[in-house]
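Good morning. Please have the sequence and the structure open while I talk.

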Amino acid sequence: MAIISEHHIFLSEDANVGLQTRLKDAITRAIWDGRFAPGDRLPATRALAKHLGISRITVSLAYDSLLATGYIVSLARSGYFVAPDAPTRIETVGTAGNGTVEQMDWAARLGDPPKALGAQANPPDWRRYKYPFIFGEPDVARFPVDDWRDCVRRALGKRHFEQIAFDARDRDDPFLLEQIVRRSVSGRGVAASVEEVLVTAGAQNALWLMVQVLFPKREGVVAIEDPGYPELRNLLYQQGLTVRPIPVDQDGLRVSEIPSDVQAVFVTPSHQAPTGATMSMARRNELLERAEQDDFIVIEDDYDYEMAYASPALPALKSLDRRGRVVYVGSFSKSIFPGLRLGYLTADAALVEHARAIRTLSGRHLPGLTQKTVAYFLSEGHYNSHSRRMRMRMSRRNEVLREALGAQGLTPALERVTGGTTLWLRGPDGMIDTEIVAALREKSVLVEAGSAFYADPNPPMNRLRLGFATIETALIEDGVALIAEAIRAQV
């Protein structure tokens, strides 16, 4: 139950209608629209009369009329409340909408909304599935909640409250920037100053900012991986850019197939999304040479580098860059939890300032409390400890998953991976991934259709992406048996 403030009730300016009727209609419409919910307490007659500048008897008469028509109820010594069974607009006006004002047709004016999420976003109720082989969701059962809570308390301390409460304008938390430079990008071999880092609302926001900075006129040619990240592809198409999909293999993006007319190349070299392939050192050097030769920018999306459980990990492209052509994008969404929506980009200070200006136009800065909490989570070592435990767990699950697939006669597309939380499965010829996905949902198994990751309108249909960050290790073998059974039943 909520208490409705008198400030939430507005009278129309129609002088041809009496005050009592206008007040009754205002409350009726608020109930119809759901602004006043069943059980909400209405303002006292004296307070409402004073606020509206009308007599108390007018308010009392309006309430009496609402009582008589079943919109509100009166409780002795408690006041007036919205009735639990108050009439709805449909019950009162009817489905034909007689007497209602014709609404603007926004669907006709705007057309179809742009594609935003990938073709197969995880269902909201994914937790009810017994075998969730999906990507992008956290293993919350193993998250150090107590450590996180302690960091939140410290961030809310008196000495920080002014900083997180005031408007930071276009600036980021200095403590967080320092920790990103010392404990995050440095782990990838990247040397950066705090002036070369911008905090973003996750990696997706960083990618969006780069598109705005590099292509302000919404025209240009970009190269992406194919298969690749659907949300990036949707973003680039929505911005009106010409997209050149480039095939990937076990060594990552095929650099030799990048056209000479591109202005930017988007890559995921650590763990290619979605195949999990790691770009070889030879390809990394080749890409940087091509960038210099053809004068394009490289945007390196290192969305889950913390999950590199093969040692030693290859250095980031940004760490090999000597000319400032690489923009490095990092995220805490996979390593902490996706609901955090916190990431960053690292680039030349001039580019960062451009991105900062555009970010300020849309959202100014990220929430101060979130930034300060993450800064403490990094500085106290909780982030590194949690990442280390997750790497060990993901490495073990990767082994179990591969063994289970082998026992069922299924072969991963890549013989070996250096990290990540997904496996790219190539099924037999004749397999139709979308039908497999639908059939497995009936058996409480969630997998992702590989065809959704291709830019080609006629993609191969015998691919599946299996995530293993959320499924319990003990359930992997049984889940794989169900996947194999569904594939055998189809082909």
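What you see is a predicted model, in which local features need pLDDT of at least 70, side-chain atom pairs count only at pLDDT 80 or more, and totals for chains, interfaces and linings use all residues. Residues are numbered from 1 along each chain as its sequence is written, and side-chain values use heavy atoms, with hydrogens and water left out.

First, the backbone. Most peptide bonds are trans, and most residues other than glycine have a negative phi. Which bonds here are cis? One joins Asp-226 to Pro-227, with omega at about 5 degrees. Pro-227 sits in the loop that runs between strand E5 (221-226) and helix H10 (230-238). Those labels come from DSSP runs, numbered from the N terminus: helices are H or I with at least four residues, strands are E with at least two. Another cis bond leads from Ala-273 to Pro-274, and its omega is near 20 degrees. Pro-274 is also in a loop, between strand E8 (264-267) and helix H11 (281-294).

Now phi. Arg-77 is not a glycine, yet its phi is positive, near 60 degrees. Look for Arg-77 in the loop between strand E1 (72-75) and strand E2 (79-82). Is Arg-77 buried or exposed? Its relative accessible area is 86%, so it is exposed. The cut-offs, with a 1.4 Å probe and protein chains only, are under 20% for buried, over 50% for exposed, and partly exposed in between. Arg-341 has a positive phi too, about 55 degrees. Arg-341 belongs to the loop between strand E10 (326-331) and strand E11 (343-346), and at 37% it is partly exposed.

Next, the helices. Two packed helices are described by the angle between their axes and the distance between the axes. Helix H1 (residues 19-33) packs on helix H3 (residues 56-68) at about 50 degrees, and the axes are 9 Å apart. The axes are lines fitted to C-alpha atoms over the stretch in contact, and angles run from 0 to 180 degrees between N-to-C directions. H1 and H3 are therefore oblique to each other. Under 35 degrees would be roughly parallel, over 145 roughly antiparallel, 65 to 115 roughly perpendicular, and the rest is oblique. Which residues make the contact? Among them are Leu-23 and Ile-27 of H1, and Val-59 and Leu-66 of H3; contact means heavy atoms within 4.5 Å.

On to the rings. The structure holds 13 aromatic pairs. Rings of Phe, Tyr and Trp (its six-membered ring) pair if their centres lie within 6.5 Å; planes under 30 degrees apart are stacked, over 60 edge-to-face, and the rest tilted. Phe-143 is buried at 13%, whereas Phe-337 is partly exposed at 21%. Ring pairs also connect Phe-143, Trp-148, Phe-337 and Phe-377 into a cluster.

Last, the serine. Ser-451 is in the loop between strand E14 (448-449) and strand E15 (463-467). At 12% relative accessibility, Ser-451 is buried. Which residues does Ser-451 touch, leaving out those up to four places away in sequence? They are Asp-433, Thr-434, Pro-459, Pro-460 and Met-461.
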